[in-house]
Amino acid sequence: MLSDLAPILPDTAAVVDGELHVGGVAASALAAAYATPVIVYDAAHVERAARSWIDALADWPAGSLVAYASKAFSSVGMLRLLADLGLGVDVASHGELGTALRAGIPGDRIVLHGNNKSRVELEAAVAAGVGLVVVDAPQELVLLESIARAAGRVQPILVRLNPDIEVETHRYISTSHGGSKFGVPAGVATELLLQADASDWLEAEGVHLHLGSQLLDTDPWRRVLEWLAGWAVELRTARGGRELQSLDVGGGLGIAYLETQRPPTPAQVVATVTEVLGSQWRDAGLQLPRLVVEPGRSIVGQAALTLYRVGVTKDAGDIRYVNVDGGMSDNPRPVLYQAQYRALLAERAEDAATGAWWVAGVHCESGDVLIEDAPLPEPRPGELLAIPATGAYAASMASTYNMVPRAAVVLVRDGEHRPLLRRERIDELFVRDADAPEFRA
Ligand SMILES: Cc1ncc(COP(=O)(O)O)c(C=O)c1O
């Protein structure tokens with residue numbers, strides 16, 4: 001079983017006496033220490049994946065920044081681990097910015113995103129000396145300029161470009177088609193850069209684009225950069241010879257959720273990007289820009305797995321259900337975008353599958369099914385079930401639906417474990433709860 005699933009497990013996953021271990025820690029020990037569900041990150045895997053981006057860009061002559069997309073999973077401990085390797089952070093809200101600052105990430109290594117940033121967010125970003133604010137709309141440029149002016153600080157910006165290209169991924173995570181809510185078309189981007197050039201309070205560094213997420217092919221990057229070369233030449237003319245200093249090509253590299261998926265490596269994505277820049281951009285006489293990348297999923301996605309406790313099993317028509325003690329509150333991806341996963345029984349990791357079970361969550365939604373038709377040995381109540389590749393957009397999208405406390409998130413390394421986020425307590429669910437007695441009849 002484990003060897004079938006090796007391509008989707010964290011780097012240090014191993015089976016010892018039939019039981020799944022990660023980072024040298026047994027699944028049963030983690031469940032005993034933190035209860036279930038528990039999300040377990042392999043520190044070595046995170047570091048290897050982060051370094052593969054840093055190494056891939058190390059030789060780019062115009063400089064680079066790897067800004068981890070913290071929406072994939074954000075906690076102070078995780079951001080510190082990545083910052084120690086030289087990464088910056090991409091944040092998309094006041095809360096994500098606050099986490100990055102609390103983690104001690106220097107402002108100049110922070111990139112702020114958002115298709116509808118509030119005044120408060122922009123003021124916080126300017127005050128923190130955020131290295132790049134990625135402007136997403138004309139009104140935002142005007143607001144940001146006034147904030148930078150009032151603060152007496154020159155704010156470096158990128159303009160988010162919508163290149164209007166289709167990519168192959170789920171439509172909820174495709175961001176570069178003409179109808180996307182993100183970014184502006186090329187003509188508007190030119191206008192915004194000219195406006196910023198004319199301002200004493202904005203420093204127009206370049207452009208940003210993010211094609212979509214969970215991309216399993218490098219072709220979209222090639223297509224967009226080939227198109228971009230032509231636009232960059234026109235832009236240089238429009239700006240009186242001023243060149244793009246920075247080019248942010250976003251994130252988007254996919255991971256293997258299923259053992260059959262073979263995503264490209266960061267090195268392959270970077271090779272595609274630098275090859276087009278090195279040929280088409282050079283041919284067009286364009287100056288090479290500093291490269292910014294914003295990987296999220298490809299750093300943390302496969303680094304983690306979630307451990308659940310099996311509860312009751314049940315047959316309903318042709319479907320055999322195995323119910324676990326979490327679900328859409330700790331991983332909403334299956335209900336949001338029909339995301340697919342595999343599972344294994346953590347204490348019988350090498351037992352062969354004997355059938356296909358639907359792994360159902362505890363929530364009051366028929367759609368709260370984490371996996372349809374998961375090949376498994378017959379699960380028994382009380383056993384631990386592991387779902388690999390849950391490190392991205394699971395804990396960060398967690399909710400307390402049905403007043404279920406959020407799961408612990410744990411880091412493992414060399415036989416030891418540490419919490420990144422401890423399990424939420426029931427009493428913490430009431431922290432925001434106000435009684436409003438005056439409004440009762
Ligand atoms: C602007 C931007 N950058 C980076 C990312 C990270 O993408 P991924 O986790 O697919 O690498 C996203 C994801 O939605 C994004 O919107």
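Reply: Helices here are DSSP runs of H or I with at least four residues, strands are runs of E with at least two, and both are numbered from the N terminus. The model is predicted.

The crossing is right-handed. From helix 8, the contact takes in Ala186, Ala189, Thr190, Leu193 and Leu194. From helix 9 come Trp227, Trp231, Leu235 and Ala238. By class, eight of the residues in this contact are nonpolar, one is polar and none is charged.

Angles under 35 degrees count as roughly parallel. On the helix 9 side, the residues are Trp221, Arg222, Leu225, Glu226, Leu228, Ala229 and Ala232. They meet Val269, Thr272, Val273, Glu275, Val276, Gln280 and Trp281 of helix 10. This contact divides into nine nonpolar, two polar and three charged residues.

Leaving out residues up to four places away in sequence, arginine 236 touches Gly241, Arg242, Glu243, Ala284, Gly285 and Leu286. Leucine 286 is 50 residues away along the chain, yet its C-alpha atom is 8.7 Å from that of arginine 236.

Helix 5 (residues 94-102) packs with helix 6 (residues 119-128) at about 20 degrees, the axes being 10 Å apart. Helix 5 and helix 6 are therefore roughly parallel too. Helix 5 passes helix 6 in a left-handed crossing. His94, Leu97 and Leu101 of helix 5 meet Val120, Glu121, Ala124, Ala125 and Ala128 of helix 6. Six residues of that contact are nonpolar, one is polar and one is charged.

The domain assignment gives domain 1 as 2-42 + 301-424, and domain 2 as 43-297. The C-alpha centres of the two domains are 32 Å apart. At their boundary, 32 residues of domain 1 contact 24 residues of domain 2. About 2,500 Å² is buried between them, and carbon and sulfur atoms give 60% of that area.

Two backbone details complete the tour. Most residues other than glycine have a negative phi, and most peptide bonds are trans. Threonine 36 and proline 37 are joined by a cis peptide bond, with omega about -5 degrees. Proline 37 sits in the loop between helix 2 (27-34) and strand 4 (38-42). Alanine 389 has a positive phi, near 65 degrees. That alanine 389 lies in the loop from strand 18 (384-388) to strand 19 (408-413).

Notes. Residues numbered from 1 in each chain as written. Predicted model: local features only at pLDDT ≥ 70, side-chain atom pairs only at ≥ 80, totals over all residues. Heavy atoms only, no water. Axes fitted to C-alpha atoms, helices over the stretch in contact; angles between N-to-C directions. Parallel < 35°, antiparallel > 145°, perpendicular 65-115°, else oblique. Left-handed = near helix turned anticlockwise from the far one by under 90°. Contact = heavy atoms within 4.5 Å. Nonpolar A, V, L, I, M, F, W, Y, C, P; charged D, E, K, R; others polar. Domains from an automatic or database assignment. Buried area = accessible area lost by both parts, 1.4 Å probe.
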